[in-house]
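Trainee: Could you walk me through this one? I'm new here.

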Amino acid sequence: MRSAKDFFRPLAVGAPAPVREVPFRPSRMIHFFDPGNEKMAAKVPSLAPQVDVLLGNLEDAVQADRKEAARAGLVAIAKATDFGGTQLWTRVNSLDSPWALDDLLTLVTEIGDKLDVIMVPKVEGAEDIHYVDRLLAQLEAKAGITRPILVHAILETATGVANVEEIAGASPRMQGLSLGPADLAASRRMKTTRVGGGHPGYLVRQDPTAEDAPRATYQQDLWHYTIARMVDACAAHGILPYYGPFGDIKDVVACEDQFRNAFLLGCVGAWSLHPVQIAIAKRVFSPAPEDVAWARRVIAAMGDGTGAVMIDGKMQDDATYKQCQVVSDLADALAARDPELAEAYAAAEKAAAAKEDDR
Ligand SMILES: CC(=O)SCCNC(=O)CCNC(=O)[C@H](O)C(C)(C)COP(=O)(O)OP(=O)(O)OC[C@H]1O[C@@H](n2cnc3c(N)ncnc32)[C@H](O)[C@@H]1OP(=O)(O)O
Ligand SMILES: O=CC(=O)O
Ligand SMILES: [Mg+2]
């Protein structure tokens, strides 16, 4: 095992120093596109200003005989596009595939200066991250890259979930984790045939009543346990948790529900697989203006953040102050990127202040 003192040393001579803290950059939606699909590739310049992250996907959903075209397409797009403040990520093929090594060799040496994060699928343990970590350092040194490329792991095997804490803490490059419900369902031998979301058969039923009345059923969340474990592992290691894909593109209502559950549990974003999911993720992963105004009211009332006060009949103390800071800090970070949101937050705060003056 490496000494803790060596944890922040570059893993190759000439590679950039690892980051000590994951920079928080808005990433409400990680928008997937197939760089080898001409129609999708053509949309990249117009999609870039609408999303926080654009991800050139090379793995699942790209046909085996289109893998090289997707990789070459991503290189061409990255070289030709000015992404502004939008991050560029990629999802490489899994480490046991015939394509992963060439994905990393090509992408880092050709467009490593444009890539913010590399998403690694089907990560099973710290050893997978250690392999990518050393290889990236060697390639960064070779390509003369001056800032480290970060790594994002997909939690989509039963072994990966069992090892989630060690994966989250495996390298200073670790930026975050996404839940991959489709592969995880297969790995766990679940009996679903979907990409994320719920299932009508997974439910609890009301107890029988004396009158033999019909008994209500309540659909349960298949993903609650895994998302909660992932959020805890990420928070413990200072990295960011994300919900992954929601495959029923037409069911925008259930997509919004799934995203919102993840947001409330601590996730900072989700994947968008189709343009229609971009606005959903933007809406859900941006705190509501009324919630931001409330959070700022509590912060103002709490002074140094200690003690207890009553606001509108609700007790506030050090713990609610901290929750409100989470909401307010997130709103600040998003408002700095999104002028419309900045305006909505300012208007809600003004309205809340006016209401208070009237009291
Ligand atoms: C389990 C996992 O690993 S999930 C992650 C892997 N999966 C993916 O990345 C899937 C990405 N998305 C897709 O491939 C597509 O959205 C599909 C196959 C789901 C649906 O595609 P289509 O049937 O073409 O959808 P639809 O007809 O509604 O598309 C409308 C337009 O949006 C475009 N479009 C669709 N998805 C995207 C996208 N993700 N990014 C950019 N443009 C897109 C289409 O090319 C089409 O363009 P056009 O108007 O010029 O013809
Ligand atoms: O890659 C994502 C998944 O759900 O599988
Ligand atoms: Mg998968």
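Trainee: Which hand does the crossing of α11 and α12 have?

Mentor: The crossing of α11 and α12 is left-handed, meaning that the near helix is turned anticlockwise from the far one by less than a right angle. Keep in mind that this is a predicted model, where local features need pLDDT of at least 70, side-chain atom pairs count only at pLDDT 80 or more, and totals for chains, interfaces and linings use all residues. Residues are numbered from 1 along each chain as its sequence is written, while chains are lettered from A and ligands numbered from 1 in the order in which they are written.

Trainee: And at what angle do α11 and α12 cross?

Mentor: Roughly 130 degrees, with the axes of α11 (residues 289–301) and α12 (residues 318–337) coming within 8 Å; axes are lines fitted to C-alpha atoms over the stretch in contact, and angles run from 0 to 180 degrees between N-to-C directions. The two helices (DSSP runs of H or I, at least four residues, numbered from the N terminus) are therefore oblique to each other, as angles under 35 degrees count as roughly parallel, over 145 as roughly antiparallel, 65 to 115 as roughly perpendicular and the rest as oblique.

Trainee: New topic: which helix gives the most to the shell around ligand 2?

Mentor: That is α7 (residues 181–188), with three residues. The residues around ligand 2 (C-beta atom, placed from the backbone, within 6 Å) include D60, E156 and D183.

Trainee: And how many residues surround ligand 1?

Mentor: There are 15, and the closest are F32, K39, A61, A182 and P245, while α1 gives the most to that shell, with three residues.
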